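Here's a quick briefing to read alongside the model. Have the viewer open as you go through the points.

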Amino acid sequence: MRKSDRKKLEYRVNEKLIAMVQTADLDRIYIFLADLSENLTPKQLEAIDSVIADYGFNNFEGYYTPKNN
């Protein structure tokens, strides 16, 4: 993939993720992220986990409990 195509894709995906978060529909966001994480490699999941920690998100206890749990 050309660098310019990747940047366009990156921008499009980021815009969609921001819009999704702005809906504040936590149940649908949870389902989306659960489905997404099933399709990621362990290396990709580790990279995401690392970036989350880099931004100071370390303790999520009590923030959200899915309805199906």
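Arg6, Lys7 and Glu10 are tied together in a network of salt bridges, where a salt bridge means a side-chain nitrogen of Lys or Arg within 4 Å of a carboxyl oxygen of Asp or Glu. Keep in mind that this is a predicted model: local features need pLDDT of at least 70, side-chain atom pairs count only at pLDDT 80 or more, and totals for chains, interfaces and linings use all residues. Residues are numbered from 1 along each chain as its sequence is written, and side-chain values use heavy atoms, with hydrogens and water left out.

**Salt bridges**

- The structure holds 4 salt bridges.
- Glu10 pairs with Arg6 at 3.7 Å, N to O, and both sit in helix α1 (residues 3-23), 4 residues apart, or about one turn of the helix.
- Glu10 also pairs with Lys7, again with 3.7 Å from N to O; these two are 3 residues apart in helix α1, so about one helical turn separates them.
- Arg6 counts as exposed because its relative accessibility is 51%, using the cut-offs of buried under 20% relative accessible area, exposed over 50% and partly exposed in between (1.4 Å probe, protein chains only).
- Glu10, at 30%, counts as partly exposed, and so does Lys7, at 47%.
- Elsewhere, Arg28 bridges to Asp25, with the closest N and O atoms 3.9 Å apart; Arg28 is exposed at 61%, while Asp25 is partly exposed at 27%.

**Fold and overall shape**

- The chain has 3 helices and 0 strands, these being DSSP runs numbered from the N terminus (helices H or I, at least four residues; strands E, at least two).
- Its radius of gyration is 14 Å, well over the 11 Å that the globule rule gives for 69 residues, so the chain is more spread out than a compact globule; the radius is taken over C-alpha atoms, and the rule is 2.2 Å times the number of residues to the power 0.38.
- Along its principal axes, the C-alpha trace spans about 40 × 25 × 25 Å.

**Surface**

- Buried residues make up 3% of the 69 residues in the chain.
- The accessible surface comes to about 6,600 Å², with 57% of that belonging to carbon and sulfur atoms; areas come from the Shrake-Rupley method with a 1.4 Å probe, and for residues only the protein chains shown count as cover.
- Val51 lies in helix α3 (residues 42-54) and counts as partly exposed at 44% relative accessibility.
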